[in-house]
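Open the model in your viewer and keep the selection tool at hand. The stops below go from the whole chain to single residues.

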Amino acid sequence: MNLDELIKLMPFATQLGITLDAASPEEARGRMTWAPQRCTAANIMHGGALMAFADTVAAVNAFLNLPPGATTSTIQSGTNFFRAVRSGTVTAVSQPLHVGRSTIVIRTDLHDDELRTVATITQTQSVLA
């Protein structure tokens, strides 16, 4: 399955304009561009949009670590925000911290165009047989 096919499996990700740049069991990378419809009243990218972006890229990374026939679902997510996004493109890098039989823990770092950390998200994904 190519990267475009992976993202098309998630209609909400397509609606958010998320693009995948790379995806493997070791790491998934993606991009989401600032747009007014993804912002708060102050033209700052909404935290929920950033969290959905991170969840999407982490889900791809978790999916690629699943045993045959299994699916995954996020069961816990914690986000630390460090700076606002007022323009440009946010990049995501997701990497597994733990790949087990019943859970996969993924860390996703979001960066702005100047490579400054925007947020760090740690998620637990359930492995569903």
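This is a predicted model: local features need pLDDT of at least 70, side-chain atom pairs count only at pLDDT 80 or more; totals for chains, interfaces and linings use all residues.

Residues are numbered from 1 along each chain as its sequence is written, and side-chain values use heavy atoms, with hydrogens and water left out.

**Whole chain.** Show the cartoon. The protein has three helices and six strands, where helices (H or I, at least four residues) and strands (E, at least two) are DSSP runs numbered from the N terminus. Followed from the N terminus, the order is α-α-β-β-α-β-β-β-β. The radius of gyration, taken over C-alpha atoms, is 14 Å, close to the 14 Å that the globule rule gives for 129 residues, so the protein is as compact as a globular protein of that length. That rule is 2.2 Å times the number of residues to the power 0.38. Along its principal axes, the C-alpha trace spans about 45 × 25 × 25 Å.

**Burial.** Of the 129 residues, 40% are buried, meaning under 20% relative accessible area with a 1.4 Å probe, protein chains only.

**Largest core.** Now select Ile18, Met32, Met45, Leu50, Phe53, Val90 and Leu110. In the largest nonpolar core, which has 23 residues, these touch the most other members. Such a core is a set of buried Ala, Val, Leu, Ile, Met, Phe, Trp, Tyr and Cys residues joined through side-chain atoms within 4.5 Å. H3 gives the most, with seven residues.

**Ile18.** Centre on Ile18 and show its contacts (heavy atoms within 4.5 Å). Leaving out residues up to four places away in sequence, Ile18 touches Ile7, Ala13, Arg31, Met32, Ala52, Phe53 and Thr56.

**Second core.** Next, select Ala58, Leu66, Ile104 and Val127. They are among the seven residues of a second, separate core.

**Asn61.** Go back to helix H3 and pick Asn61, which lies in it. Is Asn61 buried or exposed? Asn61 is buried, with a relative accessible area of 0%. Which residues does Asn61 touch? Not counting residues up to four places away in sequence, they are Ser24, Pro25, Glu26, Glu27, Ala28, Ser94, Gln95, Pro96 and Ile106.

How values were computed
Buried means under 20% relative accessible area, exposed over 50%, partly exposed in between (1.4 Å probe, protein chains only).
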